[in-house]
Amino acid sequence: MEGQGPVNPEPQAFPASFAGGSGAKAGQFFAVGRCRFITSLCISQTPVLLTEPRPKRILKEELLAEVYVAVDVETTGLDTSRDELIEVGLCRIANGAVTERFSSLVRPAGAVPLRVKKLTGITDAMLEAAPTWEEIAGAVASFIGDAPVIGHNVAFDAGFLSRYLGKPLPGILLDTCELARTLLPQARGYSLALAAEALGVPYAVQHRALADAEATAVLFDALLARLGELSPQVLSGAAFLLDRGNSSLAGLFKEALRRATKFPGRISSPEAFVEAKPKEPEEAGNERVNPEAVTCTELFGPGGRLTSVLPGYEYRAQQEEMAAAVTGALENGSYLLVEAGTGIGKSLAYLIPLVQKALKSGKRVLISTHTVNLQEQLLQKDIPSVKAALGLDFNAVLVKGRQHYLCLRRWQRQLEEAQHPDGLNAGEAAARFYARVLIWLAATVAGDFGELSLNEPEREAQARIAAAAEGCFGKNCPLSTHCFVNNARRRAEKALVLITNHSLLLTDAFAGGAVLPDYGPLVIDEAHHLEDVATECLTRSHTRREAVNWLSRLRPILARAGPALYQLPNGAAVDKKINTLIEAARNAAAELFSFFNNLLAGAPNSGVNGGLPARRLKEKGSHLVLDTPGRSVYLGLVAEFETLLGTCQGIAEAGGWTETWAREFALWIQEGHEIRGTLTGIIENTDPDRVEWIEGRFWAGELHAVLKCAPVSVAEAVFTSVFSRHHAAVLTSATLTVGGRFDHFMNRVGLHRVPAERLTCQVMGSPFAYEERSSLCVVSDLPLPQEVAAEEYLQSVADALSRLALAAGGRVLVLFTANRMMREVAMRVRPRLETEDVVVLAQGVDGGRTRLLEEFRHTERAALCGTASFWEGVDISGGLLRMVVIVKLPFPPFETPVLAARRVRLLNQGHDDFQTLSLPYAVLRFKQGFGRLIRSHQDEGVVVVLDRRLVNKSYGPTFIKSLPPLPVISLPLTDACAWLRSRLGDLA
Ligand code: SF4
């Protein structure tokens, strides 16, 4: 390892720039200066001193011929500066085997949270008998010594140990989580359990320190074996990028490269990784097939074909009815709007008639959904069922937007930039991510980023190498034959059924059909998201980072673009001027966005924006930029952009560029004009149909201003681009109606413009027995927020929630409308509920949505508190949920600029904004929250509402009428708790 000298010195077999930590002297060996898969501008053909490659097994054994210490700690929480250690597990590994173990509980000074006790099985009694840290500190320090330390998320373990030892751990730290992320780019996840699963390493999750330390050691062993399987090409590139990314793994990769094999001595280009892989099997095209004429009853009816091909298929009259309605709409070329209650099986009800229609006509069809989960369900579960039911095969593909695929040309540019002496503009996190991408690229067939699970810093780096319509060289691209986007498009063109998301459906529609292959009939599932997605598609935004990233690309382009700049008569002066102009534009952007950040201070938090601030640009008749000192700052930035762009245009027109670089430079200039256009378009917007604002976003822990401009209404755009262009379409969702009427949804997405004779609306009730298996209880004696002080309201909700959760005996989902309130209430109920053995899980406090849902499913007594993302798409079926609590009726957060503008527009048009916007919005959201309770025939429970307006106000019945028929009662809190005990007693 680094710092310990090479175990088996060999000729240097990687670029000299790698030599840093390996002890090799620069110039000691013949080396290739740069290898071409990093740059197509290969600058050296220097001979390589070759040695015979070493067998991979030897590589692994040699790397393991070192002493390491694997560590794991159990703690009272995740805060390394405040929480306490409760267990330490260490094991020493030498020559690939565990030679010594150390394990001890540690008596903490404070209490251990119930969640930790349940997770680890460590009890208070065990800790009372445990030694204090002072009693074991010496043994821990001497066990670790100065050996390299391995851990899974090692910074966490090392953070605690360093704090307790009072000094940093002296040895290098190797993170098996980061190593797994890099070496297993397509794994499902990188927890210890998932990384072990990906490599077939046996691991029974224990959450005990010694067991986890040993599992980490075994995982490390398996990862080293995987490292040994990488080709020298990939190893050398990854080592280089990890070095640029200042990763502690760089030394490991360098060592692996040095010992594993000779340097190949040949150069390869980015597409070499694509060429080396097996190609996807060519899909046959679709022919027109005359499917056997079968009726809906023959397929869906009792004893029908679905019963014989789908194990466990249950007949549902509503499903058959919906399939008949879809068939009718497709045959007549009309529109069908269906609210399909939970459990109908709506996807098969539209898929089978749609596929039959496509097979008969030979015309491609399209299904659009909002969530990836539904797309995967359609492709992996429902489409195979349709094939089995119809006894026919056909092509169905998932179509994604360009940005989901890696653009080989942009990737090439980033790798070139990484070699520039100034390094990668994208930063160290991007360099580490690119090492991962390099390894992934050798394995992926589709080049689809969906195969990688990305974290936030990686997402930003991903955007730099993702394909984009702007900047694509199209047919002129030298990499077009290998292009992942082109391959995906070819697959889509051969398919009979396209599955996509609303965003791509609408992007294509707004672009006049330029993105997707032609298609005929259309199904829009999860249609209630259509308005929001259309708004997002038509929103323009601008951030300082966009400007800075764009500016940072100029120097690398000029530096690599050949002698063009220096052929100018005054080349040296222009070169100097460019530096000044870049700096001036950067400073002006910084000044303008610092002005925006100040405007955001004190702005109201937007409830739907994760509680982040947002502010309209025009407030109380005054423009926050143009009518203030911000105007000169803004005009300064525009002027700097124009000067820079004008100068660059002159350089471009002077000629002397290679064709590729001339195109690259022209794209850069065009992008600059677009950035400037977006900035001025937002700030100087005078279109009354658009709303412009600044909102805050957190990146890397800091609040950044984002400028945005969106249409107030999308109805006209959606009607013109989507509904007026298609003869037949089916729109469906479980939540479309308010009080049994579709008007609100139709008006929001432009369906009201479709002639009445061409549109049918139907409500298909759920087959679940809501009347017997569920009840709605409204707590009638709690204050409303406007009636009492904030503190009193919070406390009353917390008290009520504690009592209700105890009465229900856990298995409770609590839905809030605001983040801050959710956190406050969760903090208050936690101590009380935990003394009664009920674990409290709060979104964003105890983890993200997926992790909390998993924990909730496995915890017998738990209360899960969540906001926006928990109101829909959460499926806790199989009797794992007994009670859903809705804290407040979900009226729209009017601090959100678009909603506020919609309300103002309605008022200006003389409409009742409450009836036409607030109430429908709240009812649909309420229905979604209510829908979390019953997800299968086995589910049973109650929904409790802590907002008495549901029974006191005149609009209450609209909410209740929008639910399936079920018993509704209203009780004071004490009676509600007693009623819950008797109602849910049998389920506990
Ligand atoms: S064709 Fe376009 S998307 Fe594909 S590699 Fe070339 S530039 Fe990238």
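**Helix packing and sheets**

Analyst: Let's start with a helix contact: Arg544, Val548, Leu551 and Ser552 of H23 touch Ile582, Ala585, Arg586, Ala589, Ala590 and Phe593 of H26. Keep in mind that this is a predicted model.

User: Which classes of residue make up the contact of H23 with H26?
Analyst: Seven are nonpolar, one is polar and two are charged.

User: And at what angle do the axes of H23 and H26 cross?
Analyst: They cross at roughly 175° and come within 10 Å, with H26 covering residues 571-600. Since an angle over 145 degrees counts as roughly antiparallel, H23 and H26 are therefore roughly antiparallel to each other.

User: OK, now H27. How do the axes of H23 and H27 cross?
Analyst: At roughly 25°, coming within 13 Å; H23 spans residues 544-552 and H27 spans residues 630-653. That angle is under 35 degrees, so H23 and H27 are roughly parallel to each other. The crossing of H23 past H27 is left-handed.

User: Which residues make the contact there?
Analyst: Ala547, Trp550 and Leu551 come from H23, while Phe641, Leu644 and Leu645 come from H27. Six of the contact residues are nonpolar, with no polar and no charged ones. Leu551 of H23 is also among the residues that meet H26.

User: Nice. What about H17 and H28: which residues meet?
Analyst: Arg409, Arg413 and Glu416 in H17 are in contact with Thr660, Trp661, Glu664 and Leu667 in H28. By class, that gives two nonpolar, one polar and four charged residues.

User: How are H17 and H28 oriented to each other?
Analyst: Their axes cross at roughly 95° and come within 14 Å, so H17 and H28 are roughly perpendicular to each other. H17 is residues 408-419 and H28 is residues 659-683.

User: Switching to the ligand, which residues are around it?
Analyst: They are Cys407, Leu408, Arg409, Ala467, Cys472, Phe473, Gly474, Cys477 and Cys483. Seven of this shell are nonpolar, one is polar and one is charged. Arg409 is also one of the H17 residues that meet H28.

User: On to the sheets. What is the strand order in the one with E6?
Analyst: It goes E8-E9-E7-E10-E18-E6-E19, an open sheet of seven strands with parallel pairing. E8 (396-398) and E19 (759-764) are at the edges with a single partner strand each, so one side of each has no neighbour in the sheet. Neighbouring strands are turned by 15° against each other on average, direction ignored.

User: How many bridges join E6 to E19?
Analyst: Six, and the two strands run parallel. Leu336 is opposite Thr760 in E19.

User: Which helix packs on that sheet, and which strands does it touch?
Analyst: H15 (residues 346-361), which touches E6, E7, E9, E10 and E18. Its direction makes about 160° with that of E7.

User: And what is the order in the sheet with E22?
Analyst: That open sheet of seven strands runs E22-E23-E21-E24-E25-E20-E26, with parallel pairing. Its edge strands are E22 (839-842) and E26 (968-971), each pairing on one side only. The twist averages 20° from one strand to the next.

User: How do E22 and E23 pair, and which helices pack there?
Analyst: E22 and E23 (residues 862-866) pair in the parallel sense over four bridges, with Val839 opposite Ala862 in E23. H33 (residues 819-835) packs on the sheet and touches E22 and E23, its direction making about 165° with that of E22. H32 (residues 790-808) lies across E21, E24 and E25, running at about 165° to E24.

Notes. Residues are numbered from 1 along each chain as its sequence is written. This is a predicted model: local features need pLDDT of at least 70, side-chain atom pairs count only at pLDDT 80 or more; totals for chains, interfaces and linings use all residues. Side-chain values use heavy atoms; hydrogens and water are left out. Axes are lines fitted to C-alpha atoms, for helices over the stretch in contact, and angles run from 0 to 180 degrees between N-to-C directions. Angles under 35 degrees count as roughly parallel, over 145 as roughly antiparallel, 65 to 115 as roughly perpendicular and the rest as oblique. A crossing is left-handed if the near helix is turned anticlockwise from the far one by less than a right angle, and right-handed if clockwise. Contact means heavy atoms within 4.5 Å. Ala, Val, Leu, Ile, Met, Phe, Trp, Tyr, Cys and Pro count as nonpolar, Asp, Glu, Lys and Arg as charged, and the others, Gly among them, as polar. Two strands pair if DSSP finds at least two bridges between them. A residue is near a molecule or strand if one of its heavy atoms lies within 4 Å of it.
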